[in-house]
Amino acid sequence: MGRMTSALAPPTTARPQPGAPAKSSRPRSRPRFTAWRRWLSPVAIVALWQLASSTGVLDERKLASPAQIAAAAGELIGDGTLGDAVLVSVQRVALGFVLGAVLGLLLALVAGLSRIGEDAVDPPMQMLRTLPHFGLIPLFIIWMGIDEAPKVALIALGVAFPLYLNTFAGIRGIDRKVMEAARSMHLTRLQRIRHVVLPGALPSTLVGLRQSLGIAWLSLIVAETIGSDAGLGYMINRARDFLLTDVIVVGLVTYSLLGLATDAVVRYLERRALSWRA
Amino acid sequence: MARLTTNRTSSTPTSTPAHAPDPHPANGADRAAGHVARVRGHHRSFGDVHVLRSIDLDVAPGDFVALLGRSGCGKSTLLRSLAHLDPSPTDEVDVVGRSAVAFQEPRLLPWKSVVDNVALALLNAPERKDRVRLARERLEEVGLAEKMDAWPLQLSGGQAQRVSLARALVPDPSLLLLDEPFSALDALTRIEMHQLVIELWRRRQMAVLLVTHDVDEALGLADLVHVMDGGRMARTWQIDLPRSERSPSHPEIAGVREEILQTLGVEPTPPNPNRVPSTPSGAADSRGAA
């Protein structure tokens, strides 16, 4: 029949090229033997830094040498100072993150699952998101003093917006045709939310999660400059008073390691949860 | 409760006994008794555009019905009404039992494995274990046993459409609604899917309503071909010929084909220069030969 013959006619387009082997199928991760090359330049920079410090080119009151920093790190870890500071800071981030995540996700669900909810929630959220949340610090101090509350609130606020925006967009971006298929299967609204809406929005939510964790750590650093008496920020501020640049750098490195760690957790979650993206 | 036989123009006055080669349990006495779908005076309009005008349609248990028409004739809208995807008043559209839809696109959930996609249609069945078991059975039935645990994005178009078919079948619908489910497939896969649908229909007590714009597909698969035009039911043909004999060159099929094309306002031409003369029992027959 006609459809058949016409479709049989052009099978020539996708013929494999015998002369072109697996050149295109280059592995995505680098082979092991070249991976170490990526460490060359950072190590060289640290070595140069050490050289500059040792020869006196780099004033040690401006920036401590890598050796000094390593020694300070050992000391801070040894006497428990760093551990205590990290614990306090991580608690702040965790509390602020949970509060902000719950708030952001709840608002995204309200806005994403009903038109009324969208009309009520989305306009104020879209207006507020343009506000740099660090600008609210003075108000937070007036409202909440300088204890834990304004720090946690600042982190929570920073976390809520990326999660809200991405999750809301994720829910709205779900293929209407798939939603319709779910309705044709006579699934209830709750079943559709559970099996279609939430998993469909998950990729966007995870993007929001990564953004919000980054902002959480940033907010922590800023928040800890508000009169702290414990935590990494306190440690850094005290070191500033005594011009201990090695301690300051130890604090900064700790911040970035913590950020890297949470990012790795989210990337792991993404790999687990989004393995269907083949 | 009589069906609208007046509406129906039999293509062969001296027709063979209906469905002789299709021993369909529901085709006997039940056929006159009940209906799985009854549409009476159904009207749909979007703004000033009348998409459906006073549609009457009956589908009896075990019927294989085709809704044929040009794009925009309202056939898909009618299917949506039958699937209750759009709000449709119950006195106009009555579907007895459960309906299921296979769409033009497979519309699988990419984040669920193939077997979970099928099991999803059984969500109201009691046990997850039973759901998975039934889903596996349906997937075996459509010949995808080896793809149970694959992700939908790993499937070919034809495989995905089979999963979609299995998903529609798993709740044992009394009315299977097919919304041009073959039109996006390549020609060979389409022939396989035609055979599969006929097999599945024969094995089950369900009515099938196929929406298509393909005259040959409708003539090859359906026992009743309703032609829609401008939101109305234009005319209905009953095809009593066994499916194995429904070659486009068969005089009866060719005659109905010409009538349908005339009804649709297409200049009647020979069916298709590629297929008419030389193939007495070519691929066209294979869909009905199973």
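Analyst: One term before we start: a contact means heavy atoms within 4.5 Å. This is a predicted model.

User: Okay. In chain A, what share of the contacts with a separation of 6 or more is between residues 24 or more positions apart?
Analyst: That share is 73%.

User: How many helices and strands does chain A have?
Analyst: Chain A has twelve helices and zero strands. Along the sequence the pattern reads α-α-α-α-α-α-α-α-α-α-α-α.

User: And what percentage of chain A is buried?
Analyst: Of the 278 residues in chain A, 38% are buried.

User: Let's do helix packing. How are two packed helices described?
Analyst: By the angle between their axes and the distance between the axes.

User: Take H11(A) and H12(A), then. At what angle do their axes cross?
Analyst: Roughly 160 degrees, and the axes come within 8 Å. H11 covers residues 232-241 of chain A, and H12 covers residues 245-273. Angles over 145 degrees count as roughly antiparallel, so H11(A) and H12(A) are roughly antiparallel to each other.

User: Is that crossing left-handed or right-handed?
Analyst: The crossing of H11(A) and H12(A) is left-handed.

User: Which residues make the contact?
Analyst: From H11(A), they are A:Leu232, A:Gly233, A:Met235, A:Ile236, A:Ala239 and A:Arg240. From H12(A), they are A:Val247, A:Ile248, A:Gly251, A:Leu252, A:Thr254, A:Tyr255 and A:Leu258. By class, this contact has nine nonpolar, three polar and one charged residues.

User: What about H4(A) and H12(A), what's their angle?
Analyst: The axes of H4(A), residues 66-78, and H12(A) cross at roughly 70 degrees and come within 8 Å. The range for roughly perpendicular is 65 to 115 degrees, so H4(A) and H12(A) are roughly perpendicular to each other.

User: Who meets whom there?
Analyst: In H4(A), A:Gln68, A:Ile69, A:Ala72, A:Ala73 and A:Leu76 meet A:Asp246, A:Val247, A:Val249 and A:Val250 in H12(A). The residues of this contact divide into seven nonpolar, one polar and one charged.

User: New topic: the largest nonpolar core. Which residues touch the most other members?
Analyst: They are B:Phe64, B:Leu139, B:Leu178, B:Val225 and B:Ile260, in a core of 101 residues. Helix H10 of chain A, residues 189-223, gives the largest share of this core, with ten residues.

User: Where's the other core, and what does it include?
Analyst: A second, separate core of 29 residues includes B:Ala37, B:Cys73, B:Val101 and B:Leu209.

User: Back to B:Val225. What does it touch?
Analyst: Leaving out residues up to four places away in sequence, B:Val225 touches B:Ala66, B:Leu68, B:Ala218, B:Leu219, B:Arg235, B:Thr236, B:Trp237, B:Ile239 and B:Ile260.

User: Now B:Arg44. Is it buried or exposed?
Analyst: The relative accessible area of B:Arg44 is 8%, so B:Arg44 is buried. B:Arg44 lies in strand S2 of chain B, residues 37-46.

User: And what's around B:Arg44?
Analyst: Not counting residues up to four places away, B:Arg44 touches B:Val49, B:His50, B:Val51, B:Leu52, B:Thr77, B:Ser81 and B:Asp86.

User: Last one, B:Leu196. Which helix holds it?
Analyst: B:Leu196 sits in helix H6 of chain B, residues 187-203. B:Leu196 counts as buried, at 6% relative accessibility.

User: What does B:Leu196 contact?
Analyst: Neighbours within four places aside, B:Leu196 is in contact with B:Glu141, B:Val142, B:Arg162 and B:Leu165. B:Val142 is 54 residues from B:Leu196 along the chain, and their C-alpha atoms are separated by 7.1 Å.

Terms used:
Residues numbered from 1 in each chain as written. Chains lettered and ligands numbered in written order. Predicted model: local features only at pLDDT ≥ 70, side-chain atom pairs only at ≥ 80, totals over all residues. Heavy atoms only, no water. Core = buried A, V, L, I, M, F, W, Y, C linked by side-chain atoms within 4.5 Å. Buried < 20%, exposed > 50% of the residue type's maximum accessible area, 1.4 Å probe, protein only. Helix = DSSP H or I, 4+ residues; strand = E, 2+ residues; numbered from the N terminus. Axes fitted to C-alpha atoms, helices over the stretch in contact; angles between N-to-C directions. Parallel < 35°, antiparallel > 145°, perpendicular 65-115°, else oblique. Left-handed = near helix turned anticlockwise from the far one by under 90°. Nonpolar A, V, L, I, M, F, W, Y, C, P; charged D, E, K, R; others polar.
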